[in-house]
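Here is a protein to look over together, question by question. Take a look at the sequence and the model, and then let's talk it through.

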Amino acid sequence: MMAVSCSSSENTDVFDLSKAAQRWSSTEKNWNEDELRALEQGRGIYWKNCTACHGREGRGNVTIGAPSLVNNAIIKGDVSYHITLIKKGKNQMPAFAQVLTDEEMLYVAAFERNAWGNHDYRILERTGD
Ligand code: HEC
């Protein structure tokens, strides 16, 4: 079960280790505390910068042409392409190079790659530190 929900009343700035561990709990991956912090930070970044178009459940918005990120080829594909897209934008997708740091772009990508039934358990190991 990987249901990730972001509610507007939730304070995403305060890190709660036990809540985070519960939210990201998986039988296949034991996230360490740093990874949980990164996922939670990514979740907060997503909430502030991405939900307007992609929705809090990642389902996108047909009216503005924002694709669903659920079962999405780019989310499942190459990490550097995914992060470059966030950095540079594309068509109606804004560029975040001036808005987010490289670390924040990695965290939001890590969030997307593990939310809504996506499972890229290695992203934070691979690109970490
Ligand atoms: C103003 C609306 C808008 C916002 C805000 C936005 N996006 Fe997008 N996003 C789009 C659109 C439109 C596309 C499709 C771009 C294209 O290929 O033409 C897209 C595409 C994407 C894709 C590729 C998916 C695919 O199948 O093409 C990813 C990944 C993505 N966005 C992540 C993010 C992240 C992460 C954020 C927040 C940091 C974000 N987006 C914020 C509109 C938005």
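Q: What share of the contacts in the protein with a separation of 6 or more comes from residues 24 or more positions apart?
A: That share is 50%. Keep in mind that this is a predicted model.

Q: How many helices and strands are there in the protein, and in what order do the elements run?
A: The protein has 7 helices and 0 strands. Starting at the N terminus, the order reads α-α-α-α-α-α-α.

Q: What percentage of the protein is made up of buried residues?
A: Buried residues account for 26% of the 129 residues. To count as buried, a residue needs 20 or more other C-beta atoms within 10 Å of its own.

Q: Why is helix 6 called largely enclosed by the rest of the structure?
A: Helix 6 has 11 residues and 8 of them are buried, so the helix is largely enclosed. The buried ones are Met105, Leu106, Tyr107, Val108, Ala109, Ala110, Phe111 and Glu112.

Q: What makes helix 2 and helix 6 roughly perpendicular to each other?
A: Helix 2 (residues 33-49) packs against helix 6 (residues 102-112) at about 95 degrees, with the axes 7 Å apart. Angles of 65 to 115 degrees count as roughly perpendicular, and therefore this pair gets that description.

Q: Which residues meet where helix 2 and helix 6 come together?
A: From helix 2 there are Ala38, Leu39, Gln41, Gly42, Arg43, Ile45 and Tyr46, and from helix 6 there are Glu104, Tyr107, Val108, Ala110, Phe111 and Glu112. Sorted by class, this contact has 8 nonpolar, 2 polar and 3 charged residues.

Q: Which residues touch the most other members of the largest nonpolar core?
A: The core has 22 residues, and those touching the most other members are Leu39, Met105, Tyr107, Val108, Ala109, Ala110 and Phe111. Helix 2, helix 6 and helix 7 (123-126) are the elements that give two or more residues to this core. Helix 6 gives the largest share, 7 residues. As a general point, nonpolar side chains tend to be buried together in soluble globular proteins.

Q: What does alanine 110 touch, not counting residues up to four places away in sequence?
A: Alanine 110 touches Ala38, Leu39, Gly42, Ile123 and Leu124.

Q: Is arginine 113 buried or exposed, and what makes it so?
A: Arginine 113 has 25 other C-beta atoms within 10 Å, so it is buried. This arginine lies in the loop between helix 6 and helix 7. Neighbours within four places aside, arginine 113 is in contact with Ile75, Asn118, Asp120 and Ile123.

Q: What stands out about the phi of tryptophan 116, and why is this residue called buried?
A: Its phi is positive, about 50 degrees, although tryptophan 116 is not a glycine. The loop between helix 6 and helix 7 holds this residue. Tryptophan 116 has 22 other C-beta atoms within 10 Å, and therefore it is buried.

Q: Why does asparagine 71 count as exposed?
A: Asparagine 71 has 11 C-beta neighbours inside 10 Å, and 12 or fewer is enough for exposed. Asparagine 71 sits in the loop between helix 3 and helix 4. Its phi is positive too, at about 55 degrees, although this residue is not a glycine.

Q: How many residues surround the ligand, and which are the closest?
A: There are 23 residues around the ligand, and the closest are Cys50, Cys53, Asn91, Gln92 and Met93. By class, the shell has 14 nonpolar, 7 polar and 2 charged residues.

How values were computed:
Residues numbered from 1 in each chain as written. Predicted model: local features only at pLDDT ≥ 70, side-chain atom pairs only at ≥ 80, totals over all residues. Axes fitted to C-alpha atoms, helices over the stretch in contact; angles between N-to-C directions. Helix = DSSP H or I, 4+ residues; strand = E, 2+ residues; numbered from the N terminus. Parallel < 35°, antiparallel > 145°, perpendicular 65-115°, else oblique. Contact = placed C-beta atoms within 7 Å. Nonpolar A, V, L, I, M, F, W, Y, C, P; charged D, E, K, R; others polar. Core = buried A, V, L, I, M, F, W, Y, C linked by C-beta atoms within 7 Å. Near = placed C-beta within 6 Å.
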